[in-house]
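Hi there,

Here is the structure I promised to pass on. Please have a look at it, and then read my notes below.

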Amino acid sequence: MGFLFCPSWILLFSFCVILISPTQSLVCSSLKIRNSNKEYANCIQLPTFNSTLHFTYNVINSSLSIAFSATPSDTNGWIAWAINPMGIGMVGSQALVAFKDKGFVVAKTYNISSYSSIVEGKLSFEIWDLEARVANDGKMVIYCSLKIPAGARKLNQVWQVGAAVSNGQLMKHELGKANLVSMGELNLVETVSSISTPPELEPFPKLQLSRKYSGHGSRVNAGIWIFGLISLLIFM
């Protein structure tokens, strides 16, 4: 019976626990928003601007609570995250925007009806608890809860960063490749906990964003390692 409680078995048990722990929780932990005590059910590393989206979907009251973090392209710039109820792209987006105003970070809403009309305005859906902060790592973070259509399973999201704000007016963002592909599909009904960092940005990144992270491969590898260790201990 002494063999069952030898240090080798204790070490093996600890190793097994580490390997079979859900990979998703490790990923979400690595994306934790600094200087924030808020918690969210899901998190995504978006494929541009080193930005992240944390969110919780409440299917009972059709609400979505989000925390979007990114770094403006300049110290006096802005960040934005939006839902587009009309389609894919910028036009029609209902945007949450953060920037510094007289030294303080503020959060505002923009109903973007056209490329030439980027002015502050009321959104087409209800929102609450809108605020913006600067995290310890220098990123700006937008927090908000919003009402979405009942039974929604997916949303068209858009995110962006800009370099300047003049008298409260957002200056246009750059037209680089990253700027032009910063949009995609947000899957609400599947638990999302993934890092989407494609080697090359594709023109249509929605498949990259809606891909559900799977830990099955890690579990298979863990099983192989565990089997090998058990065999080694038995025949020692």
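Predicted model: local features only at pLDDT ≥ 70, side-chain atom pairs only at ≥ 80, totals over all residues.

**Around Gly-121**

Where does Gly-121 lie? You will find Gly-121 in the loop that links strand S6 (104-111) with strand S7 (127-134). Leaving aside residues up to four places away in sequence, Gly-121 touches Thr-109, Tyr-110 and Asn-111. For one of these, Thr-109, the C-alpha atom is separated from that of Gly-121 by 5.9 Å, although the two residues are 12 apart along the chain.

Strands S5 and S6 run antiparallel to each other, with 8 bridges between them. Their hairpin has 2 residues between the strands, and Lys-102 there takes a positive phi near 55°.

How much of strand S5 is buried? Of the 8 residues in S5 (residues 94-101), 6 are buried, so the strand is mostly covered.

S5 also pairs with strand S4 (residues 78-83): the two are antiparallel and joined by 6 bridges. If you want a spot to start looking at that pairing, Trp-78 stands opposite Phe-99 of S5.

Happy browsing, and do write back with any questions!

Best wishes

Definitions and conventions:
Residues numbered from 1 in each chain as written. Heavy atoms only, no water. Helix = DSSP H or I, 4+ residues; strand = E, 2+ residues; numbered from the N terminus. Contact = heavy atoms within 4.5 Å. Buried < 20%, exposed > 50% of the residue type's maximum accessible area, 1.4 Å probe, protein only. Pairing = 2+ DSSP bridges.
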